[in-house]
Amino acid sequence: MEHLKQKANVSSISELAEIVDIRRATLSELANGKRQRIQFDHIEKIADKLNIEDIREIIDFDD
């Protein structure tokens with residue numbers, strides 16, 4: 001989540017949520033490990049709003 005905040009040039013999850021149009025609670029749960037899965041439309045929103053082409057910048061794939 002820190003990488004995404006840096007990319008968006010913001011310091012809080014609330015600011016990031018506003019930019020990517022995803023609920024702050026959802027991003028907070030992802031950041032705190034309370035939510036293990038991310039919806040594909042959330043990945044699309046983040047990638048679109050932050051001009052990310054490689055989704056590995058957003059999520060990690062487990063081996």
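**Helix packing and side-chain pairs**

The axes of helix α2 (residues 13-20) and helix α3 (residues 24-31) come within 9 Å of each other and cross at roughly 125°. The pair is therefore oblique. This is a predicted model: local features need pLDDT of at least 70, side-chain atom pairs count only at pLDDT 80 or more, and totals for chains, interfaces and linings use all residues. Residues are numbered from 1 along each chain as its sequence is written, and side-chain values use heavy atoms, with hydrogens and water left out.

**The α2/α3 crossing**

- On the α2 side, the contact is made by Ile-13, Ser-14, Leu-16, Ala-17 and Val-20. On the α3 side, Arg-24, Leu-27, Ser-28 and Ala-31 take part. Contact means heavy atoms within 4.5 Å.
- By class, this contact of α2 with α3 has six nonpolar, two polar and one charged residues. Ala, Val, Leu, Ile, Met, Phe, Trp, Tyr, Cys and Pro count as nonpolar, Asp, Glu, Lys and Arg as charged, and the others, Gly among them, as polar.
- Axes are lines fitted to C-alpha atoms, for helices over the stretch in contact, and angles run from 0 to 180 degrees between N-to-C directions.
- Angles under 35 degrees count as roughly parallel, over 145 as roughly antiparallel, 65 to 115 as roughly perpendicular and the rest as oblique.
- Helices are DSSP runs (H or I, at least four residues), numbered from the N terminus.

**Helix α3 and its end**

- The buried residues of α3 are Thr-26, Leu-27 and Ser-28. Buried means under 20% relative accessible area, exposed over 50%, partly exposed in between (1.4 Å probe, protein chains only).
- These buried residues of α3 pack against α2 and α4 (40-49).

- Leu-16 sits in helix α2. Leu-16 is buried, at 1% relative accessible area.
- Leaving aside neighbours within four places in sequence, Leu-16 is in contact with Met-1, Leu-4, Lys-5, Ala-8, Val-10, Leu-27 and Leu-50.
- Ile-52 lies in the segment after α4. Ile-52 is also buried, with a relative accessible area of 7%.
- Not counting residues up to four places away in sequence, Ile-52 touches Leu-4, Lys-7, Ile-46, Ala-47, Glu-57 and Ile-58.
- From Ile-52 to Glu-15 is 37 residues in sequence and 18 Å in space, C-alpha to C-alpha.

**Salt bridges**

- The structure holds four salt bridges, each a side-chain nitrogen of Lys or Arg within 4 Å of a carboxyl oxygen of Asp or Glu.
- Lys-5 and Glu-2 meet through their side chains in one of them (2.9 Å, N to O). Being three residues apart in helix α1 (residues 2-8), Lys-5 and Glu-2 are separated by about one helical turn. Lys-5 counts as buried, at 10% relative accessibility.
- Asp-21 pairs with Lys-45 in a salt bridge, the closest N and O atoms being 3.8 Å apart. This pair links distant parts of the chain, 24 residues apart: Asp-21 is in the loop between α2 and α3, Lys-45 in helix α4. Asp-21 is exposed, at 51%, whereas Lys-45 is partly exposed, at 30%.
- Arg-35 and Glu-29 also form a salt bridge (2.9 Å, N to O). Arg-35 is partly exposed, with a relative accessible area of 25%. Glu-29 is partly exposed, at 28%.

Terms used. Helix = DSSP H or I, 4+ residues; strand = E, 2+ residues; numbered from the N terminus.
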